[in-house]
Amino acid sequence: MEEVMRLANSGIVWIIATLVLAIVVFQAIKFIMLAAKTSKEIGMSTEEVHSALKTGAIAAIGPSFAIIIVAISLIPLLGDPLTLMRIGIIGSAPIESVGASLGADAYGTGLGSSDFNYQAFTTVAWTLCLGGVGWLVFTALATKSMSKVEKKVTNKSEKSKKTMMVVTTAAMVAAFGNLASAEMIKGFAYILVVITASITMIISTSLANKHQLNWLREWSLGFSIIAGLFVGYFAL
Amino acid sequence: MSVNQETVENKELSTNTQNFAMDKFHGKAHFWGRLTLWAAIILTLSLPVYLSFVLGYHPGWTIILAGFVAYAGIVAVVWVLEPIMYFPVLGVSGTYISFLTGNIGNMCLPSAAAAQNAIGAEPGTKKGEITATLGIGAASLVNKVFLIPIILGGSVLISAIPENIQQIFPLVLPAIFGGVLAQFAIKKPIYGVIALLIGLIINMTALVVYLKMLLCIVLTIGICLLLEKRNDAKQSV
């Protein structure tokens, strides 16, 4: 096991992980620059651009901590660079842990067990990397076609434009309705957290609208997470 | 009358420029999005290839295939469903960033929604898409700023966090989802109620996770469309 960890943390593995990370960071900066440039041409103000960036940044703080907790729990099993590459960059924390244990299973061992050898680690790396590439391949191949379909629908008429907006909003609400209810059936504390966060969001958004408080709008999701966690702490 | 005519023309002209700007933006987004995605795909696969064939730890294709098939059995449907389900919300550029940076449901979508809420941009519009891109881009960078030092510092940092505080981390997810759901419920309360009801019923069943999500989205969209149609009919009468 110790020897495997030396391999898992060796130079080449680090180099590959760092390169993938560099691509992700480069892409985010490139797209922010492209969007900022286009924002002017479609009539968005500089304040709106700054506000969007700030809000996105604040909204990522809470989830980042939750992601880190899962990442940390995988480090002793997969090593630093592979964990960084899988969880921090492409994958989703809960799915990666499932994939890692399935890979170890296939080799006939378990994550962290004493007979977890070089070959078992290689099997896990294959499973996670092949599995994660599925999303990327589909996104790389299909996004352009999806965009064409959307354009066809929205270019038709005012009425189909309105339908498209109903579909978009309903899809977003449905996604979060489903995610929230999946959490709510886990127990009382979870229900309480969902409700507290919802109420905090409603209060801070209506306050922000009433008094034109931009900063409050930017922080509203952050506050909802904090309030939810605060109440949840006492309910656990 | 003539004034009206002029405003109409001006408006049309500006929508044309806007459409042109968006087309240009999408063109660049497709180019850079695909380039970065393919580069990431090649690099990601180079790791197991290196372990197997350069270092010689190849476990054999049968074993790799067994692991991959078991994993793909869970995630293969999601490879296709997730990008399609989230595309209307994320838009072209949002899709490219979100699927490379990962953590879509718990980080990218909430960040996009919060950013749109902050500046009052509707999802599915030009302004909505640019706003989502800015929000997700910023979220992706912040996530890396948090993650890198902690991974480098290793588990030492985490063990410094008291046990009872660590306990509440699973509650971050319900807090995010509750907050974002309410954000939409303010604008369209009825949508929120429908989605939550359908979600609760579906989650009580023993369906596979991705089917739950798909079913909830399809049913909610269907009911909301019917609802809007009825409202329109009422208004025109």
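Analyst: What follows goes from the ground rules to the two chains, and then to single residues.

This is a predicted model, in which local features need pLDDT of at least 70, side-chain atom pairs count only at pLDDT 80 or more, and totals for chains, interfaces and linings use all residues. Residues are numbered from 1 along each chain as its sequence is written, chains are lettered from A and ligands numbered from 1 in the order in which they are written, and side-chain values use heavy atoms, with hydrogens and water left out.

User: How many helices and strands does chain A have?

Analyst: Helices (H or I, at least four residues) and strands (E, at least two) are DSSP runs, numbered from the N terminus. Along the sequence, chain A reads α-α-α-α-α-α-α-α-α. The count for chain A is 9 helices and 0 strands.

User: What pattern does chain B follow along the sequence?

Analyst: Chain B has 9 helices and 0 strands. Its pattern is α-α-α-α-α-α-α-α-α.

User: What radius of gyration does chain B have, against that of a compact globule?

Analyst: The radius is taken over C-alpha atoms, and the globule rule is 2.2 Å times the number of residues to the power 0.38. The C-alpha trace of chain B spans about 80 × 45 × 40 Å along its principal axes. A compact globule of 237 residues would come near 18 Å, but chain B has 23 Å.

User: What share of the residues in chain A is buried?

Analyst: Buried means under 20% relative accessible area, exposed over 50%, and partly exposed in between (1.4 Å probe, protein chains only). In chain B, 51% of the 237 residues count as buried. For the 236 residues of chain A, the share is 57%.

User: How far apart are the mean positions of the positive and negative charges of chain A?

Analyst: Lys and Arg count as positive and Asp and Glu as negative, while His and the chain ends are not counted. A charge is placed at NZ of Lys, CZ of Arg, CG of Asp or CD of Glu. In chain B, with 13 positive and 10 negative side chains, the two centres lie 4 Å apart. In chain A, with 17 positive and 13 negative charges, the mean positions are 16 Å apart.

User: Which residues of chain B does UniProt list as "transmembrane region"?

Analyst: The annotation comes from an unreviewed entry. UniProt positions are given in the numbering used here, feature names are shortened, and annotations may be inferred rather than shown by experiment. The record covers residues 35–55, 62–81, 141–161, 168–186 and 192–225 of chain B.

User: How far apart are the end C-alpha atoms of residues 192–225 of chain B?

Analyst: Take residues 62–81 of chain B for reference: 100% helix and 0% strand, with end C-alpha atoms 28 Å apart. Residues 192–225 of chain B are 88% helix and 0% strand. Their end C-alpha atoms lie 14 Å apart.

User: Which residues does Ser147(A) contact, leaving aside neighbours within four places in sequence?

Analyst: Ser147(A) sits in helix 6 (residues 118–156) of chain A. Its relative accessible area is 5%, so Ser147(A) is buried. Contact means heavy atoms within 4.5 Å. The partners are His30(B), Phe87(B) and Val92(B).

User: Is Asn103(B) buried or exposed?

Analyst: Asn103(B) is in the loop between helix 2 (61–101) and helix 3 (104–119) of chain B. Asn103(B) has a positive phi of about 50°, although it is not a glycine. Its relative accessibility is 1%, so Asn103(B) counts as buried.

User: Is Gln212(A) buried or exposed?

Analyst: Gln212(A) is in the loop between helix 8 (188–211) and helix 9 (214–235) of chain A. Its phi is near 55°, a positive value in a residue other than glycine. The relative accessible area is 61%, so Gln212(A) is exposed.
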